[in-house]
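Please keep the sequence and the model in view while reading.

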Amino acid sequence: MNARLLAGAALTALTIGTALAAGSASAQGVSGDMVKIGVLNDRSGLYTDLGGEGSAVAARMAAEEFGNKILGKPIQIITADHQNKPDIGSNIARQWIDQDGVDVIVDVPNSGVALAVQEVTRDKKKIFLMEGPATSRLTGDACSPTGFHWAYDTRALAVGTGRAMVKQGGSSWYFLTADYAFGHQLEADTAAEVKKAGGQVMGAVRHPLNTSDFSSFLLQAQSSGAKIVALANAGGDTITSIKQASEFGLTQSGQQKLAGLLLFISDVHALGLSVAQDLVLTTGFYWDMDDEKRAWSKKFFEKFGKMPTMVQAGSYSAVRHYLKAIEAAGTDDGPTVAAKMKAMPVNDMFAKNGKILANGRMVHDMYLARVKKPSESKGPWDYYQILATIPGDEAFATVEESGCKLAK
Amino acid sequence: MMGTIFGIPPQALFGQLLLGLINGSFYALLSLGLAVIFGMLNVINFAHGALYMMGAFVSWLLLTQLGIGYWWALLIAPIIVGLFGIALEKTLLSRLYKLDHLYGLLLTFGCALMIEGGFRHFYGVSGQPYPIPEALRGGQNLGFMFLPNYRGWVVVASLIVCISTWLAIEKTKLGAYLRAATENPVLVQAFGINVPVMVSLTYAFGVALAGLAGVLAAPIYQVSPLMGSNLIIVVFAVVVIGGMGSILGAVLTGYGLGLLEGLTKVFYPEASNIVVFVIMAVVLMIKPAGLFGRER
Amino acid sequence: MSVPSQGAATVAVQAGGATLGRIVGLVALGVLLVAPYALYPVFLMKVLCFALFACAFNLLIGFGGLLSFGHAAFFGSAAYVTAHTVKVWGLSPELGIVLGTVAAAGMGVLFGSIAIRRQGIYFSMITLALSQMVYFLALQLPFTHGEDGIQAVPRGVLFGVIDLNQPFAMYYFVLAVFLFGYAVIWRTVHSPFGQVLKAIRENEPRAISLGYRTDRYKLMAFTLSAALAGMAGGTKAIVFQLATLTDVQWQMSGEVVLMTLLGGMGTLSGPVVGAALVVALENYLAATNLPVPVVIGAIFVACVLLFRRGIAGEIQARFGGASR
């Protein structure tokens, strides 16, 4: 009994001791003698292909450029699966930061989960680099001084695809929307753009995340008579809805057209060009645009066997910028690094002269692309024809428009 | 266009009803299996959804690993699932018959966790695509909607299986033994019929039906480890509404509920998932043994 | 239904091992008081919330013989109510939890009065169906925010003085809630009401013939169980600062059955042991490469087949009075 009590007391003292030691180190230099990067994303579900292990591969490539060391301390990258559940995601983030000494959380596709993680990182003053999530709320009413939204957002997608489709004569719209933060925001942002461009919104139907049968939703879209059936969903849901739309002959009548508001190159790859051809999409990255992107993407392909999505390429860019900021600041303390990141322009293969706004939005050019026909494609992964470049300032909202209360 | 019914364009109404009938086909097949098992073993088979998923996965594995196509899978997958069911019944379930029925429910719940967890571990939760067989591609334009051939086939196949099962149990000698054994197993044993074997075979047949439903579902829904876990609750409700253990009740309620869900989708889509449970609560308040059940 | 009858044995144990039980209880309390210095407080708080949830569930099955397969409805709805009232209405955390508990109790009255009309499997099925209705409402109603859930719930300041953002303050508050709930259950089980409940579990027709209005007793037990499950759910919403669909899904109802059966139905300490074991397994297995549901499912199946008394129940049976 006594011995056990003694052991308990010793253990307690030890825990407090380590906690204190860890606490005192964070002011200067590198906390925990290591920069720990946590890549948190969907690793088994419908968003696996757009981020997943690929995002971790991209983060590792960024760390390798620094020799896996920063300020003389090692860089470690760990991963976890949030299963698209906000509660699981925020628990992992909390435990990572409290127990495992994680300094930065990367990726987190699924806007609902990202919003939950943002609460934790804001609270704990840790950096959060978001490539996977889409909702513009992350730099709007839910913004955080240490949160960075990197690759794209719902507003940029709306500006790109929404405007382009109305210009092509798509005057009446019906939305098929994933029923959570991302879908709602994408629908709202796109509807606003459509109306601004003189189009009309006929209605919307909401479907749960990870739906296997879209038939009744598609039927509702069909009977709405709208010219454009817009898919405000992503990943596996988009793939399934496009496939079933063709099964139910939605586009065969020629009166209706599908618009995938958020399509990744991984989705096009899964669908195949014969199904996906001529879809118009907005993207922040395409591997075959210039030499620098091609070179990096080839390296990525060698490691991973797939070409990078904009989320994966963005993970590389964000982690690289983060590490550069640590180098410049001489510490991995969250708020200090965040300030440094915002002060430096982003220049790498992903973005040219990208700038980070006070609300955490990384502003860079976006691209309007069309999926090639099978006959136009010269080989595997030759999928997009870039139609136009959307300047960053046009694609993304200004700080004032965003509604973020941080920035003054 | 051609007028409306209660303010709803007819093509939307008929379309949703037809889709409801397709969903109902799955409800009917699954609740039929559950009812057969409950009638004979007095076990609520919580693993039914997991075995349905297994049927779909087996056919997917047959296709991707061995190159065996849909039509053979239609035969092989239910047999594999049935054999798995026999193993389950012999090693685990049979030890619980002398105890309260709730233990059967709990045991199969544990089994469902294991089966789903296992598939999830190896294949992740995202759906695996299963192509529609060549012969059933394309569709028919019915005027009010475009019906893919495959979905039409599902309705036909399910009807055939349900009707023949019902006939076999109500009209054949084997069915008579089965019904007798349900009523009084001791007496039937005394007549020289091997009741334990009959119990095993019944369980195998019930879960094979679930496996068959899984194969039918594979090309429509994607093959995913979680495909059964939400369906099973609805199917429970179907069986309870129809009257537990009532074969006819299970089948009719299955189709009826599918249609009703379709109807709800036209008038108030948000409620389409709840309507099943509302009806179940109402039925149990008014007619506790279910629509077609007898009080025991 | 008849849960293996341990009623008589339990009572005997309580008489024989009263002093010893008290000592074990005090030691356990001591461990709970110092535990956050050795273990991750959030993990401990999760254990306590689920322990209370399982205890509440156990009140119904272990002492009333009613297997509810829909207890997540109370747990999850209370989490939503607490989260909403604290976040949107700006109530204090203790008031939020009280409102969550009240809401769960109200639902308990409603669900209970429908469900107790039937017995055995039918009872379980009705509770399951009703909780599915709650799940779909949680998916549809605007205030629950669908798949996102209610996020960023402030932990707030307890009674206007104690800042719950301090992990230790939060932990001791959760511990206090748990002990309160546990005490309520202990008191209920050992009251005349609890005795009648056990009598109903053992032999309902006999209890009726003795003049007890068994339906009323069952409804009261159901409501109390729902309220305590709600208290656990509300507290969890404050701890994790969110309320999501996970809490109302039927899998959650299954999980609480699992915890209770594993720990020992009809024992007071069993559900606590079961909850701690399941939460610990989920937490520590997640780091390994083992598939968590398979391991838990296997343990559960083994439990149904071999140790129907559960861990605490087996210990009690083997070592007689020495267990509590």
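Two strands are said to pair if DSSP finds at least two bridges between them. Strands (E, at least two residues) and helices (H or I, at least four residues) are themselves DSSP runs, numbered from the N terminus. The model is predicted: local features need pLDDT of at least 70 and side-chain atom pairs count only at pLDDT 80 or more, while totals for chains, interfaces and linings use all residues. Residues are numbered from 1 along each chain as its sequence is written, and chains are lettered from A and ligands numbered from 1 in the order in which they are written.

In chain A, three strands form an open sheet with antiparallel pairing, in the order β11-β14-β15. At its edges stand β11 (280-283) and β15 (384-390) of chain A, each of which pairs on one side only. On average, neighbouring strands of this sheet are turned by 30 degrees against each other, direction ignored. Angles run from 0 to 180 degrees between N-to-C directions, and axes are lines fitted to C-alpha atoms, for helices over the stretch in contact. Four bridges connect β11(A) with strand β14 (residues 366-371) of chain A in the antiparallel sense; Thr282(A) has Leu368(A) in β14(A) as its bridge partner. Helix α5 (residues 154-167) of chain A packs on this sheet and touches β11, β14 and β15 of chain A, its direction making about 155 degrees with that of β11(A). Here, residues are in contact if their C-beta atoms, placed from the backbone, lie within 7 Å.

A second open sheet of chain A has four strands in the order β8-β7-β9-β10, with parallel pairing. Because β8 (200-207) and β10 (257-260) of chain A stand at the edges with a single partner strand each, one side of each is left without a neighbour in the sheet. The twist from one strand to the next averages 20 degrees. Strand β7 (residues 172-178) of chain A runs parallel to strand β9 (residues 228-232) of chain A, and five bridges join them. Within this pair, Trp173(A) stands opposite Ile228(A) in β9(A).

Parallel pairing also links strand β1 (residues 35-41) of chain A to strand β4 (residues 104-107) of chain A, through four bridges. Ile37(A) has Val104(A) in β4(A) as its bridge partner. β4(A) pairs in the parallel sense with strand β5 (residues 127-130) of chain A as well, again over four bridges, and Ile105(A) stands opposite Phe128(A) in β5(A).

Helix α8 (residues 192-202) and helix α10 (residues 214-240) of chain C pack at an angle of about 110 degrees, with their axes 10 Å apart. The two helices α8(C) and α10(C) are therefore roughly perpendicular, a term for angles of 65 to 115 degrees. Val196(C), Leu197(C) and Ile200(C) in α8(C) meet residues of α10(C), including Tyr217(C) and Ala221(C).

Finally, chain C touches both other chains named here. Its contact with chain B takes 31 residues from chain C and 34 residues from chain B. α6(C) gives the most to the side of chain C that touches chain B, with 12 residues. The contact with chain A takes 17 residues from chain C and 22 residues from chain A. Helix α2 (residues 18-38) of chain C supplies the largest share of the side of chain C that touches chain A, three residues.

Definitions and conventions
Two residues are in contact if their C-beta atoms, placed from the backbone, lie within 7 Å. Angles under 35 degrees count as roughly parallel, over 145 as roughly antiparallel, 65 to 115 as roughly perpendicular and the rest as oblique.
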